[in-house]
Amino acid sequence: MTQSRAVAVARPVFAGWRIMRSDAGRLWATRERPFPSAVEEAGAHRTVDADDLVELCQAIAVQEGIAEGTAG
């Protein structure tokens, strides 16, 4: 996987997530720090993928939402 300039520009929006573009053009994001076990057991995934940046943002938001809902 390589990191394109367009993805690198968006990177600060996703603090704590590493954004990559596959050779096939698909976007991937992996959380730099693992979620706690309870959050993973609640269904959060450390790595997500999407067809475009909007979908990737939504996928990351879902994972972080699971984490926030589990932390309380």
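The model is predicted, so to speak of local features a pLDDT of at least 70 is needed, side-chain atom pairs count only at pLDDT 80 or more, and totals for chains, interfaces and linings use all residues. Residues are numbered from 1 along each chain as its sequence is written, and side-chain values use heavy atoms, with hydrogens and water left out.

The protein chain has three helices and three strands, taken as DSSP runs numbered from the N terminus (helices H or I, at least four residues; strands E, at least two). Read from the N terminus, the elements go α-β-β-α-β-α. Of the 72 residues in the chain, 28% are buried, meaning under 20% relative accessible area with a 1.4 Å probe, protein chains only. The accessible surface is about 4600 Å², and carbon and sulfur atoms hold 53% of that; these areas come from the Shrake-Rupley method with a 1.4 Å probe. Among contacts (heavy atoms within 4.5 Å) between residues at least 6 apart in sequence, 31% link residues at least 24 apart.

The strands make an open, antiparallel sheet in the order β1-β2-β3, where pairing calls for at least two DSSP bridges between two strands. β1 (17-21) and β3 (47-50) sit at the edges with a single partner strand each, so one side of each has no neighbour in the sheet. On average, neighbouring strands are turned by 20 degrees against each other, direction ignored, with axes as lines fitted to C-alpha atoms.

Five bridges tie β1 to β2, and Met20 stands opposite Trp28 in this pairing. The two strands form a hairpin with five residues between them, and Gly25 in the turn has a positive phi of about 95 degrees.

As for Phe35, leaving aside neighbours within four places in sequence, its contacts include Trp17, Ala44, Gln63 and Ala67.

Notes:
Axes are lines fitted to C-alpha atoms, for helices over the stretch in contact, and angles run from 0 to 180 degrees between N-to-C directions. Buried means under 20% relative accessible area, exposed over 50%, partly exposed in between (1.4 Å probe, protein chains only).
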